[in-house]
Amino acid sequence: SEVRECLKLDQDHKQCFSLYKQVKKLNKQIESAEEFIREGRYEDAISKYESVMKTEPEVTVYSTRAKERICHCLSKNQQATEAIKLCTEVLQLEPTNVNALKDRAEAYLLEDMYEEAIKDYETAQANSENDQQVREGLERAQKMLKQSQKRDYYKILGVKRNARKQEIIKAYRKLASQWHPDNFQSEEEKKKAEKKFIDIAAAKEVLTDPEMRRKFDAGEDPLDAESQQGGNNPFHRNWNTWQGFNPFGSGGGPFTFKFHFS
């Protein structure tokens, strides 16, 4: 609007006209990038914000805002390593940038760096007390830290938090084959393998069920009796139960044969 005022005073002012075109271009790029974000098209949004930095490389506020939004896109797109790096760049310039703190915290959670995520959320909360997203994020990060000290299904299967169902099933089949008690001779080894096998099967059950996985990602273990209402866990499993499941079946249906231990 200020540049327009300049042009009203002098339509032929070359610097004003040049600046007006540049600002108009920047505005169009930013609007387009934000529309991509609303649509969940994070790669396209990243490309647009990279264009913003090329269009105006001299003014720090544009490059910082662009990096902040790219960091958001990377975090949403579950590109945790890149998100952490870029968010950190923004936070070195603006240590109390709440948006960057929230996005870096979410990226830390993807990397199982719970304490770092909690620290970022606490800093964000100190600078934005009424932000519900920060409050909910902090509570979730605290739950996930507590959960990680118990049983972490992603670690059991050796997959990342953003692993697809196909990756989870593949990891499960490999580990189920490796740790099946039939593969071991001594009673001590069998007992150890039984425990491992139960954990592996439980991890597959939780992470391939969308609702149970959602609960686990929110910091609640759906197979933990203590976390279920009234302490009665309908999903509790023991070794005898798991003998009736086929680790190599597509749907986890019953075995076509039984295992017998001597």
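Student: Is Gln-78 buried, partly exposed or exposed?

Tutor: Gln-78 is partly exposed in this predicted model. Its relative accessible area is 37%.

Student: Where does Gln-78 lie?

Tutor: Gln-78 sits in the loop between α4 (60-76) and α5 (80-93).

Student: What is the phi of Gln-78?

Tutor: Phi of Gln-78 is near 60 degrees. That is a positive value in a residue other than glycine. For context, most residues other than glycine have a negative phi.

Student: And Asp-112, what is its phi?

Tutor: Phi of Asp-112 is also positive, near 60 degrees, and Asp-112 is not a glycine either. Asp-112 is placed in the loop between α6 and α7. With a relative accessible area of 25%, Asp-112 is partly exposed.

Student: Step back a bit. How many helices and strands are in the chain?

Tutor: The chain has 13 helices and zero strands. Along the sequence, the pattern reads α-α-α-α-α-α-α-α-α-α-α-α-α.

Student: What percentage of the residues count as buried?

Tutor: Of the 262 residues in the chain, 42% count as buried.

Student: And what share of contacts comes from residues 24 or more positions apart?

Tutor: Take the contacts in the chain with a separation of 6 or more. Residues 24 or more positions apart account for 49% of those.

Student: Helix packing next. At what angle do α3 and α4 pack?

Tutor: Two packed helices are described by the angle between their axes and the distance between the axes. Helix α3 (residues 42-55) and α4 pack at about 165 degrees, and their axes are 9 Å apart. The angle is over 145 degrees, so α3 is roughly antiparallel to α4.

Student: Left-handed or right-handed crossing for α3 and α4?

Tutor: The crossing of α3 and α4 is left-handed.

Student: Which residues make the contact?

Tutor: From α3, the contact uses Tyr-42, Ala-45, Ile-46, Tyr-49, Glu-50, Val-52 and Met-53. From α4, the partners include Tyr-62, Ala-66, Arg-69, Ile-70 and Leu-74. By class, the contact of α3 with α4 has 11 nonpolar, one polar and four charged residues.

Student: Now α6 and α8. How do their axes cross?

Tutor: The axes of helix α6 (residues 98-110) and helix α8 (residues 132-148) cross at roughly 25 degrees. They come within 11 Å. The angle is under 35 degrees, so α6 is roughly parallel to α8. The crossing of α6 and α8 is left-handed.

Student: Which residues meet there?

Tutor: Val-98, Lys-102, Glu-106 and Leu-109 are on the α6 side. They meet Gln-133, Val-134, Arg-140, Ala-141 and Met-144 of α8. The contact of α6 with α8 divides into five nonpolar, one polar and three charged residues.

Student: What do the side chains of Glu-106 and Arg-140 form?

Tutor: The side chains of Glu-106 and Arg-140 meet in a salt bridge, 2.8 Å from N to O. Glu-106 lies in helix α6 and Arg-140 in helix α8, so the pair ties together parts that are 34 residues apart in sequence.

Student: How many salt bridges does the structure hold?

Tutor: The structure holds 16 salt bridges. One of them pairs Arg-104 with Asp-120, with the closest N and O atoms 2.7 Å apart. That pair links distant parts of the chain: Arg-104 in helix α6 and Asp-120 in helix α7 (residues 114-127), 16 residues apart.

Student: Buried or exposed for Arg-104 and Asp-120?

Tutor: Arg-104 counts as buried, at 13% relative accessibility. Asp-120 is also buried, at 4%.

Student: What about Arg-41 and Asp-44?

Tutor: The side chains of Arg-41 and Asp-44 form a salt bridge, 3.0 Å from N to O. Arg-41 is partly exposed at 38% relative accessibility. Asp-44 is partly exposed at 31%.

Student: Last one. Where is Ile-169 found?

Tutor: Ile-169 is in helix α10 (residues 165-179). At 16% relative accessibility, Ile-169 counts as buried. Ile-169 and Glu-205 are 36 residues apart in sequence, and their C-alpha atoms are 9.7 Å apart in space.

Methods:
Residues numbered from 1 in each chain as written. Predicted model: local features only at pLDDT ≥ 70, side-chain atom pairs only at ≥ 80, totals over all residues. Heavy atoms only, no water. Axes fitted to C-alpha atoms, helices over the stretch in contact; angles between N-to-C directions. Helix = DSSP H or I, 4+ residues; strand = E, 2+ residues; numbered from the N terminus. Parallel < 35°, antiparallel > 145°, perpendicular 65-115°, else oblique. Left-handed = near helix turned anticlockwise from the far one by under 90°. Contact = heavy atoms within 4.5 Å. Nonpolar A, V, L, I, M, F, W, Y, C, P; charged D, E, K, R; others polar. Salt bridge = Lys/Arg side-chain N within 4 Å of Asp/Glu carboxyl O. Buried < 20%, exposed > 50% of the residue type's maximum accessible area, 1.4 Å probe, protein only.
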